Structure formats: C-alpha cells, structure tokens
Amino acid sequence: MGKILNKKEALRLSELNEKTFNNFFKNADEIQCLPRPNNRGRFCFNEEEIKRWLVSYKWRNVELNKNDYALCLDFALAQHFRGYVLSDWGTARQREFGQKVTNWIKGQLAEIAVKKFLKKEFNFDVELDFSLHEEIVPQDIIGVIEKGKERSPKIGVGIKSSKPKSAYLVLSENEVTLPERKSDAYILCRPDMPDDHLLRLTREQIIKTVKDKQHFSTYKDKIPYLENMFCEVAGWCWVDELEKTTNIPGLNFDGYRYVKKSGQLHRSKEDWQKLLNKL
C-alpha cells in the first residue's frame, strides 16, 4: 500500500485540472479513490495507484503537429463547402459553422492520433479514409500495411472522439444496431484541441485587422498562437461490451445510447496487441 493522499495532493500528482480529475474518479473509473465508510467523509487516494495511472495516461497521449491539424481542417472545410449537414447530436438542429468545423477536425485528429500511436508503439501501419462520401462511412481504418502491401482489415473499427474530460465512450443507437454502420470494435480518443483554434490560426490577420481599433491594447498580448496539440488514445472495447442506457451522470439522452466508462476500456499494451492481432 502506497502513501495515502488527500484529494488536493492526488489532484496535484495527477497533473489534471480539477474538473477532469473529478470526472475521472467519480464517473469514469479512471482513478480509484479508497473506500469511504457509508460513502461519506473525505476522498483519499493511493499514491502508487495515481502514479501507475499517470504513466499509462502519458503513454497513450500522442502529439499532433500543425500539418496534422491542416489535414483535418482541409477535410472539415471540404465537408462544409459541399453542403454536408451536421446536426446537433440527437436533435434536428443544425450546428453553426464554427462548431461544425471544430467537431469535424476533432474527429479526424482522433483518427490520426490512433494511426500515430499504433505506429510508434507497435510499428503497426494502418490507412485512414479522408475521402468525401455521400453516406456515413462506419469503418475508420480502411487498410493495414504488412510487408509493404496494403490489405483490408479483418474487422471493422470505429474511432470516436470526445472532450478531454469526458468519462464515457458514447455511441448512438444507429451506430451499434444498423448492420451497415456497426463496427466490431470502437476506440475512444480525447483530443485536447482549443475551442479558439481558428482564432489562433488566423492570429496575424486578426491583429492586422484590429490593431488600430479602440480596444486592441487591452488584448493584443493575449491572442494565443496555434501550437502542437495532444490527443489521448483512451482505449477500446468490443461492440458487445457496450452498455445500453438512456443516461449517464449529468446527461439524459433523448433515446437509447450505447456507452462504456473510459476507465473500463482495454488500454494496456497487451490489450492493444490483442486488437491488432484481430485487425
């Protein structure tokens, strides 16, 4: 048994922000707190458990550069200008431009992160599909490179993105029940892309546009630069390991969803090798 930490000490050791830390130990099963009598009293944590989790967390984080971002931005803009409609999840309301582009970019960044992660850690090469399609393409890995030759995957794999603090892999009912959309396995990624990425990208043009305006001096040193980002490849599960529900903590769905706590996903090196052996 390692040293016992209070919540403040565990938070500092985890290197997470407080909101993410709370979500990870309360909802995601990422970080385990020690048992509390009658579920009351202070939250305490095992120092060694936090350290082991942090090693795994850092191992699964992939750095994404500006070229990766550019590939995803190009895809998102192509989707936008061809008139592809992206509605709010579970509703008929269409998303506005910034939200559409951001969600498309995050989705593609997740795929690139998986490709980089598999190559770096397992020397396993996969091909992604950045082509434009009229219909939703359920399988995100479209090829496997072996001995310099490409072959089709033996199983279908869907790659899903969510926010860095998200506690769950969440899939719509159609993604799991419709044969033409269903995958055999799903990978969850949590790209840490700033919401103001378009501001950062166009920083110089924005400064040029507003530099002689009234309030420019109050924020001229606060406009951030676009820098490399990180994406956590959180883990994966088989389709039959998903749980059917109408809600998760803090969110009621407008129908059924299929979910899995991120901390219950397969994520060890041995787990990943099992998936690759099937792929």
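Reply: Happy to! One definition to begin with: two strands pair if DSSP finds at least two bridges between them. Also keep in mind that this is a predicted model.

Me: Thanks! So what is the order of the three strands in the open sheet with antiparallel pairing?

Reply: The order is E8-E12-E11.

Me: Which strands stand at the edges there?

Reply: Those are strand E8 (168–172) and strand E11 (243–248). Each has a single partner strand, so one side of each is left without a neighbour in the sheet. From one strand to the next, the twist averages 55°.

Me: And how many bridges join E8 to strand E12?

Reply: Five bridges do, with E8 and E12 (residues 251–261) running antiparallel. To pick out a pair by eye, find Ser172, whose bridge partner in E12 is Arg257.

Me: Nice. Now for the open sheet of four strands: what is its order?

Reply: That sheet goes E3-E10-E9-E7, and its pairing is mixed. Its edge strands are E3 (61–64) and E7 (157–161), each pairing on one side only. Neighbouring strands in this sheet are turned by 30° against each other on average, direction ignored.

Me: How many bridges join E3 to E10?

Reply: Four, and the two strands run antiparallel, with E10 covering residues 229–238. Glu63 has Phe230 in E10 as its bridge partner.

Me: Which helix packs on that sheet?

Reply: Helix H10 (residues 269–278) does, touching strand E9 (185–192) and E10. The direction of H10 makes about 70° with that of E10.

Me: While we're at E9, where does Arg190 lie, and is Arg190 buried or exposed?

Reply: Arg190 lies in strand E9. With a relative accessible area of 2%, Arg190 is buried, because buried means under 20%. The side chain of Arg190 also makes a polar contact of 2.8 Å with the side chain of Glu30.

Me: Let's switch to helices. What should the span of H5 be, and how far apart are its end C-alpha atoms?

Reply: Helix H5 (residues 97–122) has 26 residues, so at 1.5 Å a residue it should span 38 Å. The expected span is 1.5 Å times one less than the number of residues. The end C-alpha atoms of H5 are 37 Å apart, which agrees.

Me: What happens at the start of H5, and what follows H5?

Reply: At the start, a side-chain oxygen of Glu96 comes to within 3.0 Å of the backbone nitrogen of Gly98. After H5 comes Asn123, with a positive phi, near 50°.

Me: Last topic, the loop between H9 and E10. Is Ile223 buried or exposed? And Glu227?

Reply: Both residues are found in that loop, Ile223 and Glu227, with helix H9 spanning 216–219. Ile223 counts as buried because its relative accessibility is 9%, under the 20% cut-off. Glu227 counts as exposed because its relative accessibility is 54%, over the 50% cut-off.

Me: What is Ile223 in contact with, leaving aside neighbours within four places in sequence?

Reply: Its contacts are Leu199, Arg203, Ile206 and Ile207.

Conventions:
Residues are numbered from 1 along each chain as its sequence is written. This is a predicted model: local features need pLDDT of at least 70, side-chain atom pairs count only at pLDDT 80 or more; totals for chains, interfaces and linings use all residues. Side-chain values use heavy atoms; hydrogens and water are left out. Axes are lines fitted to C-alpha atoms, for helices over the stretch in contact, and angles run from 0 to 180 degrees between N-to-C directions. Contact means heavy atoms within 4.5 Å. Buried means under 20% relative accessible area, exposed over 50%, partly exposed in between (1.4 Å probe, protein chains only). A polar contact is a pair of N or O atoms within 3.5 Å; within protein, one must be able to donate a hydrogen and the other to accept it, and residues adjacent in sequence count only if both atoms are side-chain atoms.
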